[in-house]
Amino acid sequence: MKTQMTLAAAAVLLGTVVTPALAQEKIKLGVIVTLSGPAAALGQQVRDGFTLAVKDLGSKMGGRDVEVVVVDDELKPDAAVTKVKGLLEREKVDFVVGPIFSNILQAIHRPITESKTFLISPNAGPSTFAGKDCNPFFYVTSYQNDQVHEILGKVAQDRGYKRMYLMVPNYQAGKDSVAGFKLDYKGEIVEESYMPLNTLDFQPELSKISSQKPDALFTFMPGGLGVNLVKQYRQAGLADTIPVLSAFTVDESTLPAQQDAAVGMFGGANWAPNLDNPQNKKFVAAYEAAYNIVPGTYAFQAYDAAMLIDSAVKAVKGDLSNKDAVRAALKKADFTSLRGTFKFNTNGYPIQDFYLTKVAKRPDGKFQTEIVQKVFENYGDRYAKDCKAAN
């Protein structure tokens, strides 16, 4: 007995008994999203979905308390880099979660991954990091950007639309959206329009659509862009004559502002609030109770991001010092996703199902997207074959 006590005392003096101290240290999670300007609603959904997940976990992961630090990237790459450096150097976060926009991700990806900190994207999934430039410290709980747009291209082709008008923002995700749409669509593209990210007035474009009379419009206009476009499209009388196939334009982040103007418009997604599984029904109810709005993909993907991190922390028993072990645990994605079927491809992007959705007005007066049909099943992105990172 004396020998055991002596050894224990020596271990304490030498600092080798670390488990109690480890349990006392908080896991710090940095969340960087857009929380100001026209796109703020998107960032709020990520923040709130992530916060709800942490609350559901009892604010603990792997037996350790969790602290969440949220910063606004202001939708400015330079500001985002400064904020990320603060998270890494001052806050010393264990994981970074974010951002919304791909141009911001491109700015912060390198400083985060080079610091050997895991970056979990709950939304942005550009092609640039899905192929040969994939990274073992980068994981995505949403999709590769092209994929959602591929849904609309396939639908347009399957429905026999001969002439399409394409309108997207002029940045990386906009270019990815066009590339994704074109994968399956083989008809004529009468116009391929790239709009500034700060566009508020779409009247010139709407006049061109009206005169060219395409079979349908394909558009990707997130946040405030989508709010203005949909309202102006409906006011111009185009909604009843030229169908809208959209991505991230009519969703739960924009519908509270668009309301009836968006009803009947189609979208592409990896999820919808009415997806029929127990975990999703529980999440939607809890989110609406907490925030009094219908959750969108941004919220559900952020919820899944928190659950992914929790699964990894549990797998390594709260010890984040072994990066290889944490990486292996993240790759397993050993949690129940709100979307149901989910696993990581070799590049850290998901393999999952994709759906065509349609905006509907619920009996309670709220608006949501609802699944019309499954378009792709267990679908991985086309860039994964070029990824050589040891994910």
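The lining of the largest cavity comprises 11 nonpolar and 4 polar residues, with no charged residues among them. This cavity belongs to a predicted model, in which a search of the whole structure finds 2 cavities of 30 Å³ or more. The protein averages a pLDDT of 93, and 93% of the residues score at least 70, although over residues 1-18 the pLDDT is below 50 and this stretch has 3 contacts in the model beyond near neighbours in sequence. Where pLDDT is low, the predicted coordinates should not be read in detail.

**Largest cavity**
- The largest cavity has a volume of about 130 Å³.
- Its lining is made up of 15 residues, and those that lie nearest the centre of the largest cavity are N123, Y143, Y171, F220 and F248.

**Second largest cavity**
- The second largest cavity, with a volume of about 90 Å³, is lined by 13 residues, of which F248, V250, D251, G268 and A269 lie nearest its centre.
- Two or more residues of this lining come from each of β10 (244-247) and β11 (266-269), and β11 gives the most, with 3 residues.
- By class, the lining of the second largest cavity divides into 5 nonpolar, 6 polar and 2 charged residues.

**Largest pocket**
- About 230 Å³ of space lies in the largest pocket, whose lining of 15 residues includes P38, A39, L75, L197 and N198 as those nearest the centre.
- The residues lining the largest pocket are divided by class into 8 nonpolar, 6 polar and 1 charged.

Conventions: Residues are numbered from 1 along each chain as its sequence is written. This is a predicted model: local features need pLDDT of at least 70, side-chain atom pairs count only at pLDDT 80 or more; totals for chains, interfaces and linings use all residues. Side-chain values use heavy atoms; hydrogens and water are left out. pLDDT is the predictor's confidence in each residue, from 0 to 100. Contact means heavy atoms within 4.5 Å. On a 1 Å grid over the protein atoms alone, a cavity is a set of points where a 1.4 Å probe fits but cannot get out, and a pocket is an open set with protein on both sides within 12 Å along at least five of seven lines; lining residues have an atom within 4 Å of a point. Grid points are joined across faces, edges and corners, and a volume is the space filled by probe spheres set on the points. Ala, Val, Leu, Ile, Met, Phe, Trp, Tyr, Cys and Pro count as nonpolar, Asp, Glu, Lys and Arg as charged, and the others, Gly among them, as polar. Helices (H or I, at least four residues) and strands (E, at least two) are DSSP runs, numbered from the N terminus.
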